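Please find below a short note on the model, arranged as numbered points. The sequence and structure come before the comments.

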Amino acid sequence: MSDALAAGPSATLSPRSSPTADRARPLALGRWLLLVAALVVGIVAVGGITRLTESGVSITEWKPVTGTLPPLSEAAWQAEFDAYRQTPQYLQVNGPAGMTLATYKFIYFWEWVHRLIARLIGTVLVLVTGWFWLRGQIPAGYKPRLLALIALIGLQGAIGWWMVQSGIVNDVRVSHFRLATHLLTALLTLGGLVWTALDLFAAARGEPPHRLTGFGLLALGTLALQLFMGALVAGMRAGHVASDWPLMQGEAFPEGVDWSRGALHAALNDPFLTHFDHRWFAWVVVAVLVVTGRKLRRIGARPVSVAVHSAFGVQVLLGIATVMSGIALWLAVLHQLCGALLVAATTWGAHALGRRAGGPA
């Protein structure tokens, strides 16, 4: 009689409890989370198109279920257009410019696609979590993380509507603070998805979850501040105040900054100053990420270092090109897309720096 049979049924490994199957579960779940992360990167890019085409307030109601379908008749289209014609954006900008129903359909399309992808992201994450949960294939400690990610995506939808409301009721454009909140929540979700996926891949290798080191926090924090300033620039259309680089309107420091309400108010609300700050704080981020890359190389994570350097290098070049082009739509969208990829790469780098979780720093 073999040793396994002599030990009884509990010694026989079923395919579901085999070491190979145990490794496959976190790997499969991690891959699904990376797919959701890719969808988040996509929605960030589409969000850029929505902003640049002034499409954000084209849909004046939030219908999480019935809003999945666009208007299916001319009467339905006309009803949507009539609702949009009550907004400040139409009354003050697009109406006087002679917007037609056909033009309205174009901006409606981008906002509808943006909301459709958002629904897809939430649906995929809920279904994937439910599938692995019901099969008992979520590793210990990961259920709260997945629920938190689902909650973040739900919160993001609510923030998106909160942002849109500011353009429907208050102004010809959405609040730049609400836009910044919307973008940063999306990028926080992206970072959470990538970090959790990487931890699951580590679990498949028999490693504990990685910790966030002090330097990793510094890298992510400086990048978050730069992205916040970039969102303010986007929300205020501050990219248009200067199309030269490195000077602004031929000056090292732009003229026209309104200091009347204090430096902090100007930094958050003046288009000249926010544009200037976003330009030059970028080099602080670059310096931090260069050091991050060196640290990654020292621990043998060269591919991660290459990813971080490539992302921030392309991002800087796209930022300069976007300004000098007069904010060409395709360059501005690529700049926003690369910003999301930079978040993913920096998260990867911060995760790799914390690879010795549970041990000495």
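1. The backbone oxygen of A219 lies 3.1 Å from a polar atom in the side chain of T222. T222 belongs to helix α8, residues 214–235, where helices are DSSP runs (H or I) of at least four residues, numbered from the N terminus. This is a predicted model: local features need pLDDT of at least 70, side-chain atom pairs count only at pLDDT 80 or more, and totals for chains, interfaces and linings use all residues. Residues are numbered from 1 along each chain as its sequence is written, and side-chain values use heavy atoms, with hydrogens and water left out.

2. T222 has a relative accessible area of 11% and is therefore buried (under 20% relative accessible area, 1.4 Å probe, protein chains only). Leaving aside residues up to four places away in sequence, T222 touches F281, V285 and V288 (heavy atoms within 4.5 Å).

3. R51, in helix α2 (residues 19–52), also counts as buried, at 16% relative accessibility. With residues up to four places away in sequence not counted, R51 touches L179, A234, R237 and Q336. The side chains of R51 and Q336 make a polar contact at 3.2 Å (a pair of N or O atoms within 3.5 Å, one able to donate a hydrogen and the other to accept it).

4. The axes of α6 (residues 143–170) and α7 (residues 176–204) come within 9 Å and cross at roughly 165 degrees, the axes being lines fitted to C-alpha atoms over the stretch in contact, with angles from 0 to 180 degrees between N-to-C directions. The two helices, α6 and α7, are therefore roughly antiparallel (angles over 145 degrees).

Key: Parallel < 35°, antiparallel > 145°, perpendicular 65-115°, else oblique. Buried < 20%, exposed > 50% of the residue type's maximum accessible area, 1.4 Å probe, protein only.
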